[in-house]
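Please look over the model below before reading the points that follow. They are meant to be checked against the structure as you go.

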Amino acid sequence: MIFAEHAIKKELPVEEDLINDGASTDKFEGYAEPHSERIADLADRLAIQFNFAVRDRLMLKRAAYFHDFGELTMNRAYISSASELTEAERLDLFRHPVIGEQQASKRDLPRAVQLLVRWHHEWWNGSGYPDKLISKQIPLAARILRIADTYCALTSGRPFRAAFSPREADAYVAESAGIEFDPAVALALLDIPERIPSVVADTAETALDEGPGEE
Ligand SMILES: [Fe+2]
């Protein structure tokens, strides 16, 4: 089963420049491990569960690497700061999906990728941004990208906060089903074995033992 999944994944190479963009964004955001690569892998495993066509899986993987490129473009110091965001900074940050969409357009990435970048912060209950789409107005691929992004972010430490333990991350997903996440996608994620790579999980448990960092 595992070998079959890896065999499927090898059919989906993503362009090297997108992988490099993802790595640059990870570094800017303060992630120690390959955050965008984790998101791309987890999103693709979900896409396989939902029987995506190969073309749609590829669009989702590309968007996973490029989803926060708008933050890199904006290049604001507050993004990797330990301080809590001010209201003005929070509103400014809300622009990054649209700026990412514009950058994807400039790069001639397919419109499907552009829209996934635009909608990666839309919430199932309609309280996300930038368009406040609700439930199935949000394409399934964008709902998958939302949960993969959040799950990988929660389970990764950043300079200003410790990572959630696997148990805490799973609890967050369960509690947020129907709010931030499509309940069906949340259930599918919790069904994926080794949804946190063991090396990342070990780091999270160690960080937890050492106590939470500053939020
Ligand atoms: Fe984002």
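The numbered points below go from the whole chain to single residues.

1. Basis of the note. The model is predicted, and local features are given only where pLDDT is at least 70, side-chain atom pairs count only at pLDDT 80 or more, and totals for chains, interfaces and linings use all residues. Residue numbers start from 1 along each chain as its sequence is written.

2. Confidence. pLDDT is the predictor's confidence in each residue, from 0 to 100. The chain averages 88, and 87% of the residues score at least 70. Over residues 206-215 pLDDT stays under 50, and the model has 13 contacts beyond four places in sequence for this stretch. Two residues are in contact if their C-beta atoms, placed from the backbone, lie within 7 Å.

3. Overall make-up. The chain has 12 helices and zero strands. Helices (H or I, at least four residues) and strands (E, at least two) are DSSP runs, numbered from the N terminus. Of the 215 residues, 38% count as buried. A residue is buried if 20 or more other C-beta atoms lie within 10 Å of its own, exposed if 12 or fewer, and partly exposed in between, with C-beta atoms placed from the backbone. Among contacts with a separation of 6 or more, 69% come from residues 24 or more positions apart.

4. Nonpolar core. A nonpolar core is a set of buried Ala, Val, Leu, Ile, Met, Phe, Trp, Tyr and Cys residues joined through C-beta atoms within 7 Å. The largest one holds 42 residues, of which Ala43, Leu60, Leu116, Ile144, Leu145 and Ala148 touch the most other members. At least two core residues come from each of α3 (35-49), α4 (54-66), α5 (69-74), α8 (111-118), α9 (140-154), α10 (166-176) and α11 (183-190). The most are given by α9, with eight. Beyond its neighbours within four places in sequence, Ile144 contacts Ala43, Leu46, Ala47, Leu60 and Val185.

5. Helix α2. This helix covers residues 16-29, has 14 residues and reaches 20 Å from its first C-alpha to its last, close to the expected 20 Å; the expected span is 1.5 Å times one less than the number of residues. Its buried residues are Leu18, Asp21, Gly22, Thr25 and Asp26. They lie on the same side of α2, because they cover an arc of only 140 degrees around the axis, the arc being that of the directions from the helix axis to the C-beta atoms. Their cover includes α3, α4 and α5. Turned away from the buried side is a face with the exposed residues Glu16, Asp17 and Asn20. Gly30 follows α2 and has a positive phi, near 90 degrees.

6. Loop between α8 and α9. Pro130 sits in this loop, and a cis peptide bond, with omega about 5 degrees, joins Tyr129 to Pro130. Lys132 is in the loop between α8 and α9 as well. Its phi is near 50 degrees, a positive value in a residue other than glycine. Lys132 counts as exposed because it has 12 C-beta neighbours inside 10 Å.

7. Asp108. This residue is in the loop between α7 (96-106) and α8. The phi of Asp108 is positive, near 60 degrees, in a residue other than glycine. With 8 other C-beta atoms within 10 Å, Asp108 is exposed.

8. Ser83. Where is Ser83 found? It is in the loop between α5 and α6 (87-93). Ser83 counts as exposed, with 10 C-beta neighbours inside 10 Å. Its C-alpha atom is separated by 8.2 Å from that of Phe160, a residue 77 residues apart along the chain.
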